[in-house]
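Morning, everyone. I have one structure to show, and a few minutes to walk through it. Have a look first.

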Protein chains: 2
Amino acid sequence: MDTKFKAINDPTRREILQFLVNGPQNAGQIASQFDMSKPSISHHLDLLKQAKLIQADKKGQFIEYKLDKTGFEVIHAWFKTFSTYFEFPKPKIRIEI
Amino acid sequence: MDTKFKAINDPTRREILQFLVNGPQNAGQIASQFDMSKPSISHHLDLLKQAKLIQADKKGQFIEYKLDKTGFEVIHAWFKTFSTYFEFPKPKIRIEI
DNA sequence: TAGATAATTAAGCGAATGTCTAAATTAAAA
DNA sequence: TTTTAATTTAGACATTCGCTTAATTATCTA
């Protein structure tokens, strides 16, 4: 729990997550998006992985990262308490008979 | 944005938010829930207020705090990208004709 | 096998964070 | 008005965080 909130606390890590919405990317491709050393990005990826917000897949000498549902579900569950409290608008549906 | 994620990063602050689901409480009532000095809690309340996750209402010599929809909506919007990506289950409905 | 490439691990450092005690502010009560 | 109570502000200090460079591990290719 703590790990997940810590993971999304950092702006770079949130950007990494956003970037991965485009689909799986290897560490080098991710690092190239940021004006930051590769070891730093590697560290961020490690924290995101620990939080189960991303998954790592070794493909030869590359490591491919993608979003992991597991961690997001936990955050979602936490947030539910408050969205219920405020009754956030549900998606609208159309019914045809 | 940054302020909001920082706010929910701390476990004590998340507990304060949970506690306020029960309804508005003044600073002393909140502080009494935690094994921590009042100034520390006061500081946490300040950060939550800056993040617009809570609102402060002065009532005489007391200050009443309650959850603030504003900040939660912003977090909700951020999260939407990912819940869409994973297609989290929508609430089920029953239709009778 | 030797060299190059992808990525991580290690070590070090300044900045930010969370906590405390003490002091200050504000409002109620005696 | 003096005192008490609720709360915040200020200052200090240890811990955590994010970054960098240097070294290490693992894999591919010539």
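Predicted model: local features only at pLDDT ≥ 70, side-chain atom pairs only at ≥ 80, totals over all residues.

β2(B) and β3(B), residues 62-67, are joined by 6 bridges and run antiparallel. They belong to an open sheet of 3 strands in chain B, ordered β1-β3-β2 with antiparallel pairing. The edges are β1 (25-26) and β2 (54-59) of chain B, and each of these pairs on one side only.

Next, DNA strand D. There are 22 residues around DNA strand D. A:Ser40, A:His44, B:Gly28, B:Ser42 and B:Tyr65 come nearest. Of the DNA strand D atoms within 4 Å of the protein, 77% are sugar and phosphate. By class, that surface has 10 polar, 7 nonpolar and 5 charged residues.

Some specific contacts. A:Ser37 has a polar side-chain atom 2.9 Å from a phosphate oxygen of DNA strand D. B:Gln61 reaches a base: its polar side-chain atom lies 3.3 Å from a base nitrogen of DNA strand D.

Which elements give two or more residues to this surface? From chain A, α2 (11-20) and α4 (38-50). From chain B, α3 (27-31), α4 (38-50) and β3.

Last, the record. An unreviewed UniProt entry annotates residues 1-87 of chain A as "domain: HTH arsR-type". Over those residues, the chain is 61% helix and 16% strand. The end C-alpha atoms are 24 Å apart.

Technical notes:
Residues numbered from 1 in each chain as written. Chains lettered and ligands numbered in written order. Heavy atoms only, no water. Pairing = 2+ DSSP bridges. Helix = DSSP H or I, 4+ residues; strand = E, 2+ residues; numbered from the N terminus. UniProt positions renumbered as here; feature names shortened; annotations may be inferred. Near = heavy atom within 4 Å. Polar contact = N/O pair within 3.5 Å; in protein donor to acceptor, adjacent residues only side chain to side chain. Nonpolar A, V, L, I, M, F, W, Y, C, P; charged D, E, K, R; others polar.
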